[in-house]
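Subject: Structure handover, side-chain contacts

Hello,

Please find the structure below, followed by notes on its side-chain contacts.

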Amino acid sequence: MSYPTLKITFLGTGTSSGVPMIGCDCEVCTSTNKKDKRLRSSILVESSTTRLVVDATPDFRYQMLRAGVKHLDAIIFTHPHKDHVAGLDDVRAFNFFTGKPMNVFANEMTQEVIIREFPYAFADTKYPGVPEIKLNTIAFDEFSVGDITVTPILVWHLKMPVLGFRFGKFTYITDANRIDPPEKQKIAGSKVIVLNALRKEKHISHFTLDEAVREVQDIQVPQAYFTHISHQLGKHDEVNAELPKGISLGWDKLEINI
């Protein structure tokens with residue numbers, strides 16, 4: 001199968017609290033290295049004709065401004081946790097300029113939370129200026145946004161099912177601590193994978209740094225970037241120097257062409 005050339009922009013690579021974390025004066029949160037400044041985790045995926053975002057974080061407005069995004073075809077959601085859905089209200093700006101609702105792709109569990117969190121967007125009588133959203137239900141079947149083909153990948157965030165996504169030769173997974181063998185087969189053949197790596201210490205629902213490294217090596221993807229990083233992981237440059245060849249920490253504004 002042939003895929004369009006894609007440009008991937010890391011809009012954010014931080015965990016739910018972001019980095020720096022409010023009130024923290026640790027060496028990471030006070031670092032002057034720009035790669036230690038992390039908004040909440042999200043990516044922008046672009047072909048020559050289509051542009052989509054994975055997750056609408058609490059930083060969504062600033063992420064769109066920082067990346068210069070003036071048109072967006074869709075938002076695809078991984079799961080319903082607040083740090084992945086809280087920015088959805090700001091699609092109002094795109095509604096205003098296009099005159100169209102924003103296409104939102106999410107599983108039923110995530111849709112239930114979106115409707116509960118933004119009830120005014122789905123009311124029978126809508127106040128002028130509320131976000132206009134068109135919900136599209138996804139499960140595990142491949143689907144398309146414009147010329148971008150999307151393959152959902154089921155991963156586990158403790159007991160919560162989370163969707164990772166494969167776009168051509170690029171795979172994006174966040175908020176996971178288990179990937180079952182059949183789903184790893186969907187990732188096989190990717191040239192680049194993005195995977196969450198929260199910290200070095202064990203966590204109940206996220207891969208640790210070592211666990212994420214082992215997952216990449218098991219799936220045998222030649223290039224990996226880690227995301228959903230907390231201030232507990234350590235300074236970007238110091239941690240990066242410890243990683244095997246072909247594996248790096250991601251950072252905000254990193255761009256990949258594939």
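Is Phe167 buried or exposed? Phe167 counts as buried, at 0% relative accessibility, where buried means under 20% relative accessible area, exposed over 50% and partly exposed in between (1.4 Å probe, protein chains only).

The model is predicted, so local features need pLDDT of at least 70 and side-chain atom pairs count only at pLDDT 80 or more, while totals for chains, interfaces and linings use all residues. Residues are numbered from 1 along each chain as its sequence is written, and side-chain values use heavy atoms, with hydrogens and water left out.

Aromatic pairs

Two rings of Phe, Tyr or Trp (its six-membered ring) pair if their centres lie within 6.5 Å; planes under 30 degrees apart count as stacked, over 60 as edge-to-face and the rest as tilted. The count by this rule is six aromatic pairs. One of them is Phe60 with Phe94, an edge-to-face pair at 6.4 Å centre to centre and 65 degrees between the planes. Phe60 is in helix H1 (residues 60–66) and Phe94 in helix H3 (residues 92–98), so this pair ties together parts 34 residues apart in sequence. Helices here are DSSP runs (H or I, at least four residues), numbered from the N terminus. Phe60 and Phe94 are both buried.

Phe167 pairs with Phe165: the ring centres are 6.3 Å apart and the planes are at 45 degrees, so the pair is tilted. Phe165 is also buried, with 0% relative accessibility.

Salt bridges

A salt bridge is a side-chain nitrogen of Lys or Arg within 4 Å of a carboxyl oxygen of Asp or Glu. The whole structure contains twelve of them. Among them is Arg51 with Glu46, where the closest N and O atoms are 2.8 Å apart. Arg51 is partly exposed at 24% relative accessibility, whereas Glu46 is buried at 15%. Arg92 bridges to Asp89, with 2.9 Å between the closest N and O atoms. Here Arg92 is partly exposed at 36% and Asp89 is buried at 18%.

Glu215 and Lys184 form another salt bridge, at 3.2 Å between the closest N and O atoms. This pair links distant parts of the chain, 31 residues apart: Glu215 lies in helix H6 (residues 209–219) and Lys184 in helix H5 (residues 181–187). Glu215 is buried, with a relative accessible area of 14%, and Lys184 is buried with 16%. Asp218 joins Lys184 and Glu215 in a network of salt bridges.

Charge over a ring

Lys35 lies over the face of Trp251, 4.0 Å from the ring centre. The criterion is NZ of Lys or CZ of Arg within 6 Å of the ring centre and within 35 degrees of the ring normal.

Regards

Notes. Helices (H or I, at least four residues) and strands (E, at least two) are DSSP runs, numbered from the N terminus.
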